[in-house]
Amino acid sequence: MQSDNGKESVFRSKFILGALIVVGICVSILAITLISTGVKHNKYVSAIERGNYYFTSGDYVNAVVEYQKALEIDEKKDTAYLNLSSVYVLLGDFDNAKATVDRGLNMAVSNRLESKRTEIDALIVNRYAPQHETINKEELKAYAKEVTVENTYFDMVAEYSYTE
């Protein structure tokens, strides 16, 4: 029969082993979470950069596709909503531009989205106002490019760090 000291020693060993296993599991979960968050962020940034490339190249269809991919990756960031709505504004699709910003406002807290909503509302009012029966496509194109957010990778990393 084991003495009380022997039982204590076995209990202590089992307790330490159990604690080490729990700590190991927690560290593993944390590492996996950090790695997956980084991968998710890199995919988001890549989709935005591709969308910006297509946008500035005049390939608006692919720009829409890339911004929508970015939204599928992370719907809580405002950059994809802003840029996607700019493409829709450029194409004269104010309804989709407004719907995109509204969806963004439901998903992300953003002063930039609030401002964008105000700009789109003004464009819609001007579009339907009698004195503005036609929209100058070149002015609209210049406006859309001006308000498109073209964050650099480092700007987006900083934004991600502060918003997550």
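Modeller: Gladly; we will go from the whole chain to helices, surface, rings and charged pairs.

Modeller: This is a predicted model, where local features need pLDDT of at least 70 and side-chain atom pairs count only at pLDDT 80 or more, while totals for chains, interfaces and linings use all residues. Residues are numbered from 1 along each chain as its sequence is written, and side-chain values use heavy atoms, leaving out hydrogens and water.

Colleague: How many helices and strands does the protein chain have?

Modeller: Helices (H or I, at least four residues) and strands (E, at least two) are DSSP runs, numbered from the N terminus. Here the protein chain has seven helices and zero strands, so its elements run α-α-α-α-α-α-α from the N terminus on.

Colleague: What share of the contacts join residues at least 24 apart?

Modeller: A contact means heavy atoms within 4.5 Å. Among contacts in the protein chain between residues at least 6 apart in sequence, 63% join residues at least 24 apart.

Colleague: What percentage of the residues is buried?

Modeller: Buried means under 20% relative accessible area, exposed over 50%, and partly exposed in between (1.4 Å probe, protein chains only). Of the 164 residues in the protein chain, 32% are buried. Accessible areas come from the Shrake-Rupley method with a 1.4 Å probe, and for residues only the protein chains shown count as cover. The accessible surface of the protein chain is about 10500 Å², and 58% of this belongs to carbon and sulfur atoms.

Colleague: Which residues make a nonpolar surface patch?

Modeller: Patches are made of residues with over 30% relative accessible area and no salt bridge; like charges are joined within 9 Å, nonpolar side chains (Val, Leu, Ile, Met, Phe, Trp, Tyr) within 5 Å. In this model, Phe11, Phe15, Ile16 and Leu20 make a nonpolar patch of about 480 Å². Phe11 belongs to helix H1 (residues 4-57) and is exposed, because its relative accessible area is 59%.

Colleague: And how do I read a pair of aromatic rings?

Modeller: A pair of aromatic rings is described by the distance of the centres and the angle of the planes. Rings of Phe, Tyr and Trp (its six-membered ring) pair if their centres lie within 6.5 Å; planes under 30 degrees apart count as stacked, over 60 as edge-to-face and the rest as tilted. This rule gives two aromatic pairs. In one of them, Phe55 and Tyr60 have ring centres 5.8 Å apart and planes at 65°, so the pair is edge-to-face. Phe55 is buried at 1% relative accessible area, and Tyr60 is buried at 15%.

Colleague: How many salt bridges does the whole structure hold?

Modeller: Side chains of opposite charge can pair when their charged atoms come close. A salt bridge is a side-chain nitrogen of Lys or Arg within 4 Å of a carboxyl oxygen of Asp or Glu. The search of the whole structure finds six. One of them joins Lys69 to Glu66, with the closest N and O atoms 3.4 Å apart. Lys69 and Glu66 are about one helical turn apart, because three residues separate their positions in helix H2 (residues 60-73). Lys69 is partly exposed at 36% relative accessibility, whereas Glu66 is buried at 6%.

Colleague: Which residues are linked in a network of salt bridges?

Modeller: The network links Lys98, Asp102, Arg117 and Asp121. Arg117 bridges to Asp102, the closest N and O atoms being 2.3 Å apart. This pair links distant parts of the chain, with Arg117 in helix H5 (residues 111-128) and Asp102 in helix H4 (residues 94-107), 15 residues apart. Arg117 also meets Asp121 in a salt bridge (3.1 Å, N to O), and both lie in helix H5, four residues apart, about one turn of the helix.
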